[in-house]
Amino acid sequence: MSEPVVVSLQRDYRNWWTTFPAITACFLERVQPEVAKKEIERLWNVTEDSDAERFQYYYGFIEQVADVSFRTNLQNFWKYQSDNTVKNIDLLDLARSVHPNVTLGVTLSQTNKEVQWIPVMTEEGLCFTLNSVYAEYQFLLKETEWNQQELLKCHYHSGQCFVTINSSSNVVRILHKEYFVHSPFDIATAISNPTGEVMPNEELVIDYKVVEIQAAARVKTLTPEQRRCRYPDEWYGAIKAYSFGLCQMSCRNRMALMFCGCRPYFNIKGDGDVCDAHGMACIGRNVEILINLPKNLAKCPCIPQCAELNYYSHTKKVSIRNETLDEEAAAIARYNLMPPKFRLHRDVIFSLEDLFASLGGTTALFVGASLLTVVETALFIIRLLPFGLDVGVLSVAAYFITRVRKPDPNNVLNIFGPDPWTKESELNPEKVVRCIAHRGAGLDAPENTMQAFKYCVDRDCNFIELDVRSSRDGHLVLLHDQGLERLTGTDINNVHIMNWDEIKNIDIGATHPNRQQYKEVHLCLFDEAIEFLLANNVRMIIDVKGKDQEVINGIVKAFSKHPTLYENAVVTTFNPFVLYKIRTRDPDIVGAISYRPYCFSAQDYDAESGPHNPRFGDNPLLHSVLRAADAAHSLLWRLSARWCGASAVLLHKDIVSPSEVQYWRSIGVRCAGWSVNRPLEKLYWRGVLKAPYLASTLLGEPDVDEQRRVEKRTIQEME
């Protein structure tokens with residue numbers, strides 16, 4: 001059903017507790033002149049006496065930074081877009097340092113309760129909020145641990161329920177959704193409406209009504225599209241919580257990254273680099289788009305929360321206070337919450353069981369048979385189909401029923417960067433993934449070892465592929481081959497029948513071309529590797545070797561132990577059933593399918609020379625059958641990638657063409673090739689295919705070669 005949710009009215013209000021709204025207060029004057037003077041002297045070595053014109057210029061810049069707001073002055077950053085003296089200034093720190101340090105007095109109707117103002121950075125600039133849960137996601141004090149205060153609540157029979165704010169002589173603006181008045185489970189945003197300005201000697205009194213919407217537990221069993229609402233744990237973007245305001249803020253961040261390559265400094269949580277003054281000038285040029293978030297461009301999935309609190313102004317009164325000469329002129333705002341007499345309740349009209357029962361009854365009424373009879377009849381008809389056609393029908397049905405959903409697209413974007421064919425990649429070329437170090441650049445350093453990973457980190461390679469398999473005692477070991485013959489020259493042909501203690505001290509760099517440089521190199525445990533790579537901000541492709549349960553369990557546990565892996569790691573395998581098992585247990589893991597041709601007819605497939613060591617090469621008939629199996633596999637593996645919900649495919653370079661890359665791009669799947677080691681091949685992948693590739697050597701990489709030339713020139717200059 002497309003509309004399975006009904007909203008009903010509840011009126012048993014006499015026993016209700018109602019949550020007071022959050023209030024966010026923002027000062028109109030946000031610059032302390034004396035502090036601003038000191039900052040100008042500290043940052044630019046300019047004083048009012050030494051250069052009055054330059055002083056006023058920088059003072060205007062500080063006011064621009066401190067008074068920032070999506071709705072007022074963002075466009076004015078254009079004045080500073082070509083000024084290198086303000087380019088690398090920490091704008092958030094500057095806004096904090098010059099802001100007035102003033103405490104607003106608060107009086108509550110509940111005299112036994114206390115509240116504290118929390119400094120937050122909003123889309124209206126630096127403000128203060130109280131009685132808010134979601135202030136955590138705008139909390140400014142990084143050095144202070146977030147401590148959630150108990151929310152103010154009023155019982156229906158409590159009598160008056162109010163908060164009075166005495167701002168002394170300070171002028172504040174109050175935002176509708178917290179001094180903007182808003183739900184404690186949301187934030188003030190660029191589209192929030194302020195309740196008005198309160199001037200000295202004025203008293204503002206507003207009565208608020210609240211409409212609370214609750215949701216039955218079974219509503220969550222529906223998809224967000226069906227129920228048209230989201231729960232707090234169904235977040236969108238980098239912030240691990242959901243509200244309509246947080247969703248819009250995440251959308252603006254994403255749009256800012258797309259247009260300008262950075263996020264506004266007042267959005268302190270989010271993906272991407274923080275804008276400097278030059279970036280803010282770009283944000284100012286696109287401010288209308290960022291505020292309005294056009295549907296055809298932004299494509300933001302922002303819908304209401306399933307359980308929410310909506311506050312509406314009922315009456316508003318502004319009066320002039322008559323102060324005596326001895327009393328200080330004060331601006332007072334009082335917010336009254338009127339006790340509600342109804343609330344709304346979301347529930348499911350028809351659950352899946354109800355739907356089947358209704359369909360069964362309807363079918364029996366009009367057809368004269370139950371739904372079960374209809375299903376049995378359908379199965380009987382399928383059995384009458386010609387052999388093969390019935391299997392095909394059931395296979396298609398099973399495919400759609402059992403396939404795994406795709407992970408969060410933001411995690412895929414964070415791992416692989418912008419698609420090289422998009423406009424975002426042109427604006428942010430440094431974020432485009434081009435080279436992935438295959439086995440940690442295994443031709444330059446012993447593959448799948450800490451030495452190889454350190455080699456890559458030292459050369460600013462921040463994307464590595466590694467292979468994982470298990471030992472007999474359940475340890476996850478980084479190793480590509482089943483045995484150690486190729487790496488050590490020994491006759492150990494299967495590490496899965498050996499314990500970790502038996503293999504951990506074997507030198508696996510004994511046969512490496514650079515063995516003189518890398519001596520006594522040992523196998524590496526999976527946990528050690530990911531801790532090192534995550535600590536150095538290196539993304540990774542985890543290639544699962546084998547199909548034993550220890551590896552599958554270990555991969556899933558690793559993601560649970562290290563949550564940052566979700567946005568920094570891809571799990572791949574040649575066996576789609578292994579990937580399916582992993583992703584059915586944790587669908588948030590980003591998956592990829594690896595593919596090589598001739599997997600049935602050839603025992604080995606070298607990355608450089610292709611297939612060799614054919615299976616049953618002395619039996620042409622049997623070998624032909626295996627070649628036919630290869631042809632079937634070349635078609636079926638594409639379906640398996642969709643079935644597993646793969647976000648990427650890793651193909652052997654020999655079968656990749658521009659049309660192949662375009663095919664996967666058209667269905668939203670990233671395409672990468674292995675192993676691309678020759679310089680000319682790398683240029684072809686970069687310039688023509690515009691797709692990432694796995695390389696076993698970093699030699700011939702334009703970025704690495706340029707870095708080496710710079711280092712060489714630096715050494716020569718020092719000499």
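A crossing is right-handed if the near helix is turned clockwise from the far one by less than a right angle, and left-handed if anticlockwise. All views show a predicted model.

**View 1. Helices α20 and α21 cross in a right-handed sense.** Helix α20 covers residues 620-643. Helix α21 covers residues 658-666. Their axes come within 13 Å and cross at roughly 30°. Angles under 35 degrees count as roughly parallel, so α20 and α21 are roughly parallel to each other. On the α20 side, the contact residues are Trp-637, Arg-638, Ala-641 and Arg-642. They meet Glu-660, Tyr-663 and Trp-664 of α21.

**View 2. Phe-616, Leu-622 and Val-625 make a nonpolar surface patch.** The area of the patch is about 260 Å². Val-625 sits in helix α20, the run of residues 620-643.

**View 3. Helix α1 packs against helix α2.** Two packed helices are described by the angle between their axes and the distance between the axes. For α1 (residues 33-44) and α2 (residues 52-66), the angle is about 115° and the axes lie 10 Å apart. That makes α1 roughly perpendicular to α2. The crossing of this pair is right-handed. From α1, the contact takes in Pro-33, Ala-36, Lys-37, Glu-39, Ile-40 and Trp-44. From α2, Phe-55, Tyr-58, Tyr-59, Phe-61 and Ile-62 take part.

**View 4. Helices α5 and α6 pack with their axes 10 Å apart.** Helix α5 runs over residues 244-260, and helix α6 over residues 277-285. The angle between them is about 105°. Angles of 65 to 115 degrees count as roughly perpendicular, so α5 and α6 are roughly perpendicular to each other. Ala-256, Phe-259 and Cys-260 of α5 meet Gly-279, Cys-282 and Ile-283 of α6.

**View 5. A salt bridge joins Glu-150 and Lys-113.** The closest N and O atoms are 3.0 Å apart. The pair links distant parts of the chain, 37 residues apart. Glu-150 lies in the loop between β6 (125-130) and β7 (153-155). Lys-113 lies in the loop between β4 (105-108) and β5 (118-122). A search of the whole structure finds 21 salt bridges.

**View 6. Trp-674 and Ser-675 are joined by a cis peptide bond.** Most residues other than glycine have a negative phi, and most peptide bonds are trans. Omega of the bond between Trp-674 and Ser-675 is about -25°. Ser-675 belongs to the loop between β25 (670-674) and α22 (679-689).

**View 7. Asn-448 has a positive phi.** The value is near 55°, in a residue other than glycine. Asn-448 is placed in the loop between β16 (435-438) and α14 (450-458).

Terms used: Residues are numbered from 1 along each chain as its sequence is written. This is a predicted model: local features need pLDDT of at least 70, side-chain atom pairs count only at pLDDT 80 or more; totals for chains, interfaces and linings use all residues. Side-chain values use heavy atoms; hydrogens and water are left out. Patches are made of residues with over 30% relative accessible area and no salt bridge: like charges are joined within 9 Å, nonpolar side chains (Val, Leu, Ile, Met, Phe, Trp, Tyr) within 5 Å. Accessible areas come from the Shrake-Rupley method with a 1.4 Å probe; for residues, only the protein chains shown count as cover. A salt bridge is a side-chain nitrogen of Lys or Arg within 4 Å of a carboxyl oxygen of Asp or Glu. Helices (H or I, at least four residues) and strands (E, at least two) are DSSP runs, numbered from the N terminus. Axes are lines fitted to C-alpha atoms, for helices over the stretch in contact, and angles run from 0 to 180 degrees between N-to-C directions. Angles under 35 degrees count as roughly parallel, over 145 as roughly antiparallel, 65 to 115 as roughly perpendicular and the rest as oblique. Contact means heavy atoms within 4.5 Å.
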